[in-house]
Amino acid sequence: MVVNKQKIKFLSNWRRGHSAYDHAARRSRLKGPLSIQIQTVNKCNGSCVMCPYSCAGPGWEPHQMDESLFRRIIEELKELGNANLIVMMLQNEPLLDPRLEHRIRLSREILGNEVEIATVSNGSLLDEKRIESLLSSGLDRIAISIDAYSRETYGKIRRGLSFERVVDNTIQLVRKGKEKNVPVVVRFLRQSLNLDEEKDFIRFWRERGARVSIDSLTNRAGMIKNYDSLRQNKSSLYQKLLHPLLNRMITCCPLPFTSMGILSDGRAILCCHDWEHEEIMGDASRQSLSDIWNGDTINRHRRLLREKREKESVICRGCSLSGRFWGS
């Protein structure tokens, strides 16, 4: 694994978010989040083995974020002035939103070029027309989660999706992304089912011009019931060398100190791993982002994390990242 510019940005944000927390005042000195994930539609078309739930069931009608709410969120981020990353994805498949590209263009118009805009997709809904519209929308980066080198392994992990279609779509996306100077990242989530495919995956996608991101599976705050059988127990040399250093630099989970997630109905969740939405920080349809960011709910969790009292948090106590963010 290579420490790229994106990982450096995350580390920089995490350090900045931690240092901005005033433990005596029990609040952050930041006006708002450094990064934000926005769920513009609350549905996915896959049923992946490591996902806590799937919204792909028959009869499920997706809820799209109201246009006026989306605009207000982006305008508030502009006013607050410290966000440097917006990810148009949160517990969903963002390409199910037919207005995704419009929302990206609107965000770019309001925020200018100072804020990075990215999204993450499973790639199944890409076609030539959608690729062109995405790459022309103002995106800085798009990631495709594939997690497998072979069709057999893909079928075990990303159930309900076509391996051949996703690979073909992604190859086309990478090629056209290079023409338009939009980097494409192909993601591989380490787990027991793909244990022997990592090297072949890296080689295959790098040969085709994609960037490759390798991450390890977490238990999604305790939501994955078969986590012990799915997790990959073997640590890489990279993890063995770097994770102890990172855990000394940032001594607790950085997410509540740096980031915010907004669901399609405006509710703000404490953590992107809170799939059951047990801890709601506030509601962006009725509150300002700055009020949510320094509200009682999130500041209570920040205090618990800083004081090593993760077990008192309904979200953090079951999380595989609890106590040490790296090396779960």
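So, burial to start with: in this predicted model, 55% of the 328 residues in the protein chain are buried. The accessible surface comes to about 15,100 Å², and carbon and sulfur atoms hold 48% of that. As for secondary structure, the chain has 12 helices and 13 strands. And if you take contacts with a separation of 6 or more, 73% of them are between residues 24 or more positions apart.

Okay, on to the strands. I'd like to begin with S11, residues 259-262. What does S11 pair with? On one hand there's S3, residues 35-38, running parallel to S11 and joined to it by 4 bridges. If you want a pair to click on, Gln37 has Gly261 as its bridge partner. On the other hand there's S12, residues 267-269, which is antiparallel to S11, with 2 bridges. Gly261 turns up again here, with Ile269 as its partner in S12. S11 and S12 make a hairpin with 4 residues between them, and Gly266 in the turn has a positive phi of about 100°.

Now the side chains of S11. Ser259 and Gly261 point one way, Met260 and Ile262 point the other way, and all of them are buried.

Next, the other pairing I wanted to show. S9, residues 184-190, and S10, residues 211-216, run parallel over 6 bridges. Getting from S9 to S10, the chain goes through helix H7, residues 198-207, and that β-α-β crossover is right-handed. For a residue pair there, look at Arg187, whose bridge partner in S10 is Ser213.

Moving along to Asp274, in the loop between S12 and S13. Is Asp274 buried or exposed? Its relative accessible area is 2%, and the cut-off for buried is under 20%, so Asp274 counts as buried. Leaving out neighbours within four places in sequence, Asp274 contacts Gln91, Ile269, Glu279 and Ile315.

How many cavities of 30 Å³ or more does a search of the whole structure find? The search finds 1. The volume of the largest cavity is about 120 Å³.

A quick word on backbone angles. Most residues other than glycine have a negative phi. Asp147 isn't a glycine, but has a positive phi of about 70°. You'll find Asp147 in the loop between S7 and helix H5, and at 2% relative accessibility it's buried. Lys308 is another non-glycine with a positive phi, about 60° this time. Lys308 sits in the segment after helix H12, and at 45% relative accessibility it counts as partly exposed.

Last one: Glu75, in helix H2, residues 67-80. Glu75 is partly exposed, with a relative accessible area of 38%. Ser107 is 32 residues from Glu75 along the chain, and their C-alpha atoms are 8.5 Å apart.

That's my tour, so over to you.

Notes: Residues numbered from 1 in each chain as written. Predicted model: local features only at pLDDT ≥ 70, side-chain atom pairs only at ≥ 80, totals over all residues. Heavy atoms only, no water. Pairing = 2+ DSSP bridges. Right-handed = clockwise from strand over helix to strand, strands pointing away. Buried < 20%, exposed > 50% of the residue type's maximum accessible area, 1.4 Å probe, protein only. Contact = heavy atoms within 4.5 Å. Areas by Shrake-Rupley, 256 points an atom, 1.4 Å probe, with all protein chains shown as cover. 1 Å grid on protein atoms, 1.4 Å probe; cavity = no way out; pocket = protein on both sides within 12 Å on 5 of 7 lines; lining within 4 Å. Points joined across faces, edges and corners; volume = space filled by probe spheres on them.
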